[in-house]
Amino acid sequence: MARGMHPFTMPLIGRISPVPMSVGVVLCMCNPSTSTASVVRQYSIKKDSATNVTAAAVVSASTVNDQQQHPLIRKNTPPFKLQSKFVKKYAELAPPFGFNGLGELVYRRTYSRLKKDGTNEKWYETVERVVNGAYNMQKNWIETHQLGWNPWQAQKSAQEMYERIYSMKFLPPGRGLWAMGTTITEDRGLYAALNNCAFVSTERMATEASKPFIFLMDASMLGVGVGFDTKGAGTTIVRGPRPDKTPEQTKIPDSREGWVESVRLLLDSYFLNTSPQVFDYSLIRAEGEPIKGFGGYSSGPESLRRLHEDIRNVLDRQIGEPVSITSIVDIMNLIGRCVISGNVRRTAEIAFGDPKVEEYLDLKNYAVNPQRAAFGWTSNNSVFGDIGMDYGPIAERMRINGEPGVAWLQNMQEFSRMNGAKDNKDARARGGNPCLEQTLEPYELCCLVETFPHNHDNLDDFKRTLKFAYLYAKTVTLGMTHWPETNRVMLRNRRIGCSLSGVAQFVTSRGLDTFRMWCEEGYQTIQQYDEIYSDWLAIPRSKKTTSIKPSGTVSLLAGATPGMHYPISSYYLRRVRLSKHSELIKPLQDAGYHIEPAVGSEENTVVVQFPVCVAKDIRKDKDISMWEQLSLAAFLQKYWADNQVSSTVSFDPVTEGPQLKHALDYFQYQLKGISMLPRMNDVYPQMPYEEITEEEYHKHKQNLRPLVFDAARPQESFPERFCDSHTCTLDSSTTPDTVVPPVPLDSATPSSSSSSSSPSSPSSSST
C-alpha cells in the first residue's frame, strides 16, 4: 500500500429518489481488502401507493453493529484518557481567563458542556475532554492502520498539550472546544463539525446542479462556514418541474439529513425536470423544543417551509433560461437565512464573483435589487481580482459601504508565503473561506488553531507550543466526513491553519523586529513538526499550515486582541446583552458587575458591563492608518501565513477613501485577499464598546469581586460559530444568552467602525 493511502474507500453520498413501492436505500463504505460493506447512513423510504406520499426515515449509524462504525470509532478498544491524578491537579486552580470576567462569561455560555451528572463543565474538565478526544483520534488511527501506539509516550504528550491549552498558550478553534470529545465525534463520527470553514464551486453545475447548494446547507447546519463562487451561471438551464407528472409528496424527517434532502429534491425538480415536490412537515418538532446532540432549541418547520417557497419563487422566474448569477447567490443566501433561523444555528457565507459583471456587483445595491434586502446580508461579497486590473470602479463601491472585498486567486494558487518564491502548490484552489484566511479547493474543509505569542516569555517556549497547536490541527484531518469529495481533497492536502492572535499586544511590548523573528522561526518549526508527524501518522504532509484568522470568542478567553487587529483603546467598557432570564445574571450581580435594562428591550434583555484593559500604551485602531494596516497584513503574509491573512482594514471614507484604488494597486502584489470597512462615528445608548481612561478603568474594576458561576443552574452551552469573528458570521441573535446587534459577543477588540455593523447591514462585511 502506498504511503498515506487508507485501507478503505470514502462513503458514497446516497440519493433518495422517487420509488414505486418500498425500497431501502443504503449509503455504504466498502473495504476493498474484504469486499464488505459498512453502513454509514440508511434512509428507509416507503411510498403509499394510495396517497403517493414518500416517507423518509433516517436510521442512525449507531444502530448498526460495532464493526460498521466510522473507522476512527473503535468500540472494542478502550479510549485514550488522561490520568485522573494529573487532571485533578488543575481542579482547584483559577483559570487564566482574560478581560476581568468577560472571558469566563464567554466560556460558560459557549463551551461549558453539560456533563452526565447534569452539571456544567469547569475549564479543567473542558480541556480534559478536548485533549482526550484529540488523542483518541490519534490512537484509533494508529491502531486501525497497525502503526504502533505507544501509550506511555501518548500520555506524556497529552499532558503537555493539556497544560498549554489550560494556560491559554494556544487554543483549539471554538468548534473544537465545543464538539471535540463529545458524542458528536466519539459516537456519531461527525468530524466535519470540528472544522471551521469550507469552500464549494458552482462551476460544474452542468452535471451536478444541486450539489453545491446541498453541500453548503449540510455544512452550515454543522456549524461550518462556506465560501462559494458564481462560475456556474449560464452553464445549465432551469427546466422546472414536469407539469405532466403527478406531484411527489415527501414527509420530511426531523433531522439535519432530512432538511438537506428535502432541498435537494426540490432543486432537482427544477434542474432535472423531475416530478413537482409537495412536502409534509408534520415530523418536524415544534418551535422551542430542545435539540439533542448539537444543543439549543428547535425553530420549528416554518423556516424550512419558507425556504422551499423562496427557492420556488427564485427558480420559477428563470424557467427555460440559463441559471443566473443572481439566482445562484439568492439560493445560497436563502439557505443561509434558513440555517440561522434556529435558536443556536450560526453560519457564514462569502460569495466570489467577477469584478467586471454589474449584475454581481449590484447584488447588494438594494435600489437595484430591493427584493434582496431581506436576505442579501447573509453573505459577504468579494470579487476575484486580476493582477493589473483597474481597481477604480470597485474602489468607489468600497468607499461607500466596504464591499466588495478582493481575493487574488492567482496569488493564492502560486504562492505559499508571499516572500518572492512561487511554488504553485495550490494550482487546484478555486476560492477561500468566509474570512479568507484559507486557500481552498472545492469541497475542502479547514481547521484553524490559535496561538498567543504574547502569553509566552521566550521564543523556545513559543516554539514548543507550536508543536501542540500544529498537532491538534493535524489530528483533526484524520477524521473522515460524510462527503466523499471532501474526503478526497482532505486526504490529499491535509491543510491546516495555525494562527496568531494578540499581534498588537506583542508588537507593542516587544517590537516589530522581534515579532518578525518569532514568525520566521515559528514557521520553520511548524514545517519540521509536519515532517515528523506526517511520517508518524503515515499521511501526506500538509499542503499549507499557517494563517491569520480574525478571531473573537477564542481570543476573549485568553485576553488577547483578535488576530492582527488593534483595539479601540487601551481601556474600554465592553457591554454584553443577556436574556433577562439567564442563569448567568445572578453570579454577575453577586460579583458586582453593573447590570441594567437594555434600552428598547427592557422587558426581556439586560446589559452587563465589563471594564477591559488590553495593554498599557497600546495604539488605538483609529490611530492606525489604512496604509499601516495593509502593511501589517503584508508583513504577516510574507513572514508567517502560507495560507492567507484575514484582515478587515478600516479607513476614513473622507481622507483615505480616495486612496483606495492606489492602495489596491500596490498591495495586489503582496496579499491574497483583503476587505475594507469605512469608519463610522455613530453614537447611541449602551454602545458595545466605549473608550475610557485608565483612572475610570480602575474605578470600575475596584467594585468587582471574584466571579463564581458554580451556583448558577446548569444549562447547555451554545455551540461556537464556524470562525468566531463578528465580521464573518451570521447570527440569529435569539439564543437565551447572547449579544444582540449591533455587535455580537464574538469580538474582543473590534475596529471602531464595527459598532455600526449588524446582520442586516450590507456594510458589515469582511473577506
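Reader: What makes β12 and β22 a pair of strands?

Author: Two strands pair if DSSP finds at least two bridges between them. Two bridges join β12 (residues 405–407) to β22, so they count as paired, and they run antiparallel. A407 stands opposite G673 in β22. Strands here are DSSP runs of E with at least two residues, helices are runs of H or I with at least four, and both are numbered from the N terminus.

By the way, this is a predicted model: local features need pLDDT of at least 70, side-chain atom pairs count only at pLDDT 80 or more, and totals for chains, interfaces and linings use all residues. Residues are numbered from 1 along each chain as its sequence is written, and side-chain values use heavy atoms, leaving out hydrogens and water.

Reader: Why is β22 called largely enclosed?

Author: Buried means under 20% relative accessible area, exposed over 50%, and partly exposed in between (1.4 Å probe, protein chains only). Six of the six residues of β22 (residues 673–678) are buried, so the rest of the structure largely encloses the strand. G673, S675 and L677 point one way, while I674, M676 and P678 point the other way.

Reader: How do you know whether M168 and N100 are buried or partly exposed?

Author: Just check the cut-offs! M168 has a relative accessible area of 1%, so M168 is buried. N100 comes in at 22%, so N100 is partly exposed.
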